[in-house]
Amino acid sequence: MFAVDEAHCISSWGHDFRPDYTKLSQLKTQFPKIPIIALTATADQTTKADIISQLELNNPQQFVDSFDRPNISLTVFPGQKRLEKIKEFLSDKTNQSGIVYCLTRKQTENLATKLQRLGINASSYNAGLSRTDRSRIQKSFVRDKTQVICATIAFGMGIDKSNVRWIIHYNLPKNIEGYYQEIGRAGRDSAPAEALLFYTYKDVETIKRFFINPNSPDSNQSPTQLEKLTRVKEYAEGVICRRQILLRYFDETYEKKCKNCDICANPFKTLNGTIIANKILETIEKFGDKMSDQRGGLKSQALVSILIKMSDKVSFASWNFYLAQLKNQGLIKVNFNRNQALSITKKGKKIIVENKKVKLVTLDEYIKRLE
């Protein structure tokens, strides 16, 4: 048998596309009678379909477990005063193992040094270290000799450590798939675990500048990467149960409130947003097909531009904020395999047909919470 691990890497819609993986399509041609199994922890419907196509699998059996990790609590903080918040967060976790994910090597080193000065047993882990040092640090963490690892996203892959109690993202991740893989390294023993994410808009700009390069050999990936970055930003700015947002992203139905995230613990004040929601949904319905042939479909920014022309009483920022909420509520889907075009889900169509009530949070209400 051929086993293809991290199979999302073969898909151009996956969050970690690697061109070399596309050569795996030769397996079925050269070894037609050898069975193939493709494995991944994070793939939406589009990516799953593309994996099947790329590997030339003929009507394969699919085994999909739930993406839900109910034992992991989910919290997002504004990125200001990160070190002070991390110090407070770790104050009652002196014997608990955890990982802090950072965007850059320099951040891992600086943060580890600062934590050491606070009396926390922390080490930095990044690709700039020698293989010997990386192995030593990894073994020390696995054996519970090092409490905290400040690392780039490569750390944790393949590490068999069930008692990681918390994951901190020092910066906004590049996409939801990567974020979900990384927080999944906590609580593998099914005991309570915590995932803390810090977010600033500066992170978005940093990722765009240094990690999504339109001049790279894989420049055709830039639009997809940018849209996936937008979706994780919309998760960070989410105003409903965070678990609902994550599971809907992976096409899993989840309508209850998890009661294990910061939003469920402190809900936002909502208004009746049915009229606003209908205006957005009806605009997609009206212009989506018209723009599919000419421009590859109706995308988020084009939709917002149309909405502003239709109503000058709502700002550009507010329309974007409402649109993000409809995505997070599972009423609108971003189709990465159709140039990031928007479409209305079955749940969204019910809003139009059955005139179901939609609750929304105003941008002012969200900003008030941040203050």
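This is a predicted model: local features need pLDDT of at least 70, side-chain atom pairs count only at pLDDT 80 or more; totals for chains, interfaces and linings use all residues.
**Ground rules.** Residues are numbered from 1 along each chain as its sequence is written, and side-chain values use heavy atoms, with hydrogens and water left out.

**Entry: helix α12.** I looked up α12, residues 300-310. Helices here are DSSP runs of H or I with at least four residues, strands are runs of E with at least two, and both are numbered from the N terminus. I asked which residues of α12 are buried. They are Ser 300, Leu 303, Val 304, Ile 306 and Leu 307. These residues cover an arc of only 160° around the axis, so they sit on the same side of α12. The arc is taken from the directions from the helix axis to the C-beta atoms. Buried means under 20% relative accessible area, exposed means over 50%, and partly exposed lies in between (1.4 Å probe, protein chains only).

**Entry: Thr 283.** I found Thr 283 in helix α11, residues 274-295. It counts as buried because its relative accessibility is 2%. I then listed its contacts, meaning heavy atoms within 4.5 Å. Leaving out residues up to four places away in sequence, Thr 283 touches Gly 288, Leu 298, Leu 303, Ile 306, Leu 307 and Met 310. Leu 303, Ile 306 and Leu 307 are also among the buried residues of α12.

**Entry: Asn 328.** Asn 328 lies in helix α13, residues 316-328. Is Asn 328 buried or exposed? It is buried, at 3% relative accessible area. Beyond four places in sequence, Asn 328 is in contact with Arg 231, Glu 234, Gly 238, Ile 240, Ile 245 and Arg 248.

**Entry: salt bridges.** I searched the whole structure and got 21 salt bridges. Each is a side-chain nitrogen of Lys or Arg within 4 Å of a carboxyl oxygen of Asp or Glu. Arg 82 and Asp 203 form one of them, at 3.9 Å from N to O. Arg 82 is in helix α3 (residues 82-90) and Asp 203 in helix α7 (residues 201-211), so the pair ties together parts 121 residues apart in sequence. Both Arg 82 and Asp 203 are buried. I also noted a network of salt bridges linking Glu 227, Arg 231, Glu 234 and Lys 327. Lys 93 pairs with Asp 92, with closest N and O atoms 3.2 Å apart. Lys 93 is buried at 7% relative accessible area, whereas Asp 92 is exposed at 59%.

**Entry: Lys 356.** Lys 356 is in the loop between α14 (346-354) and β12 (359-360). At 38% relative accessibility, Lys 356 counts as partly exposed. Its contacts beyond four places in sequence are Thr 274, Lys 350 and Ile 351.

**Entry: surface patch.** Met 1, Ile 37 and Leu 39 make up a nonpolar patch with about 290 Å² of accessible area together. Areas come from the Shrake-Rupley method with a 1.4 Å probe; for residues, only the protein chains shown count as cover. Patch residues have over 30% relative accessible area and no salt bridge; like charges are joined within 9 Å, and nonpolar side chains (Val, Leu, Ile, Met, Phe, Trp, Tyr) within 5 Å. Leu 39 is in the loop between β2 (36-38) and α2 (45-54).
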